[in-house]
Amino acid sequence: MFCAVFWNIGGKSHRQGIVRLITALQRQEDADVIALAECSDGVIGSLLRGLNAPGRPPEYTIVPTQSRVKVLARQAIPEVREIEHHRYYSIFQLSRGKLPSLNLAVVHMVSLLEKDAAHIDREVEQFAEAIRKSEETISHDRTIVLGDLNAHPFSEGVAGSVGLHGVMSRRVASRTERPASHRLYPFFFNPMWQFFGDDATGPAGTYYRAGKGDHLAFYWHLFDQVLLRPSLLPFYQDDSVCIVTKIAGTNLAGRDGTPDRESGSDHFPIRVRVNC
Amino acid sequence: MATSIPDLWPPDIFTTPAPTPIAVLRRQGEALGAHTQNLVHGEVETTTNPDGKSFTHTLYLSAPLLRYRRPLLNVDQTQPQAYPAIVWEADLTRPPNDRWSREVANEEELQACIQEFLNEPRVKNILRSVINMSNDVAPAE
């Protein structure tokens, strides 16, 4: 079993109780990898202290990244090596002894406050290309994408063939690839589609932004996403991915159900588990 | 009918009689991590020399919050057997025109030698400094 969590903590400092929440999130989900966006060195260091009891063999270690995503990994994972990176993402090879190795791509894409959607789509396409390149290098495609893409599951960069090519159906994804304009493009399965709308088990997104007079307003956004290559589908279950709204009794949502920055962050955390 | 081909490797090559220099160095790296909650720890890397039968094991001092990773101590395994070995300090702590170095005949001597090195005042100064700076980034509650 492998478990990873991702949380955009919105720049909260360790004095604002965020370290206690992330430590509790790790315990609640039994996460092997914790990936954080908008996270300071002070928070990651305090988190390390929170996870590693003084004077005892440490359980977690900081995985140095060349990107702006901060990562902690369980010391028991024999090797976590960054094999591709950019300011917005890090791609890791996780060697796990007798268990199948994994390729974990963590991302915090440039913000919609800084660049427009078309620019972000091109960046996500670059990210997708880096993933394909890393899969060639390590000769397998057991890849998990995890992070804040600042794009919707239906955005061109996420759904399009030259992008992540994430589809909403496991059955479609299990076809593994699809030709477009006489070239083959590999699929990702994007389970985040299941969270859209009020019929979903959890909130209708991971991030909420009111309309503010715009003609097009979705209110709820699924910028924080997990995508998996079809090779991991045999290890995927219906509850493998979730949006976390409560941590150890602390409700991360306000009265209206949207992420409450006071109690947590303006994003909800997400969690992925695969049975391998 | 296909004949089965036996495993011809001598079984006694798969047993390790005593902790190798890698194991001793790695243990020190982990122990440093235990003292500092992994804010500072040691990592071991091995390089194979061109002859293919001698190796250098390097203990790196790593402080991820400072983006700091430097070689601290080396152990040359000059033949395929683990011992004797030569222990020598990396440039990080090396005084001008001098280099601390010892030859060790076995695991016990290696441990004594590493302890001697880690207790050198110039080495303690570096270690203290890296630990203090990491503590400054993430103060204990």
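# Two chains and how they meet

In this predicted model, 12 residues of chain B are in contact with 16 residues of chain A. Contact here means that the C-beta atoms of two residues, placed from the backbone, lie within 7 Å. On the side of chain B that touches chain A, α1(B) gives the most, with three residues. That side of chain B divides into seven nonpolar, three polar and two charged residues. Nonpolar covers Ala, Val, Leu, Ile, Met, Phe, Trp, Tyr, Cys and Pro; Asp, Glu, Lys and Arg count as charged, and the others, Gly among them, as polar.

Some ground rules come next. Residues are numbered from 1 along each chain as its sequence is written, while chains are lettered from A and ligands numbered from 1 in the order in which they are written. Since the model is predicted, local features need pLDDT of at least 70 and side-chain atom pairs count only at pLDDT 80 or more, whereas totals for chains, interfaces and linings use all residues.

Start with chain B. It has three helices and five strands. These are DSSP runs numbered from the N terminus: helices are H or I with at least four residues, strands are E with at least two. From the N terminus on, the order of elements in chain B is α-β-β-β-β-β-α-α. The radius of gyration of chain B is 19 Å, well over the 14 Å that the globule rule gives for 141 residues, so chain B is more spread out than a compact globule. That radius is taken over C-alpha atoms, and the rule is 2.2 Å times the number of residues to the power 0.38. Along the principal axes, the C-alpha atoms of chain B fill a box of roughly 70 × 40 × 25 Å. Of its 141 residues, 27% count as buried. A buried residue has 20 or more other C-beta atoms within 10 Å of its own, an exposed one 12 or fewer, and a partly exposed one lies in between, with C-beta atoms placed from the backbone.

Now the sheet of chain B. Five strands form an open sheet in the order β1-β2-β3-β4-β5 (chain B), with antiparallel pairing. Strands pair if DSSP finds at least two bridges between them. β1 (41–48) and β5 (101–104) of chain B stand at the edges with a single partner strand each, so one side of each has no neighbour in the sheet. From one strand to the next, the twist averages 25°. Strand β4 (residues 85–89) of chain B is joined to β5(B) by four bridges. In that pairing, I86(B) stands opposite E103(B).

Helix α1 (residues 21–36) of chain B touches β1, β2 (55–63), β3 (68–77) and β4 of chain B, and its direction makes about 160° with that of β1(B). Helix α2 (residues 107–118) of chain B touches β3, β4 and β5 of chain B, at about 10° to the direction of β4(B). Axes are lines fitted to C-alpha atoms, for helices over the stretch in contact, and angles run from 0 to 180 degrees between N-to-C directions.

The two helices also pack on each other. P21(B), V24(B) and Q28(B) in α1(B) meet E107(B), L110(B), Q111(B) and I114(B) in α2(B). The residues of this contact divide into four nonpolar, two polar and one charged.

Turn to chain A. Six of its strands form an open sheet in the order β3-β4-β2-β1-β19-β16 (chain A), with mixed pairing. β3 and β16 (241–243) of chain A are at the edges, each with a single partner strand, so one side of each is left without a neighbour in the sheet. Neighbouring strands of this sheet are turned by 15° against each other on average, direction ignored. Strand β1 (residues 2–8) of chain A pairs with β19 (residues 270–274) of chain A in the antiparallel sense over five bridges. There, F6(A) stands opposite I270(A). α1(A) packs on the sheet, touching β1, β2 and β19 of chain A.

Helix α2 (residues 41–51) of chain A is mostly covered, with eight of its 11 residues buried. Among the buried residues are V43(A), I44(A), L47(A) and L48(A). Their cover includes α1 (18–29), β2 (33–37), β3 (60–63) and β4 (70–74) of chain A, together with α3 (121–137) of chain B.

One hairpin remains. β10(A) and β11(A) form it with two residues between them, and S181(A) in the turn has a positive phi of about 50°.
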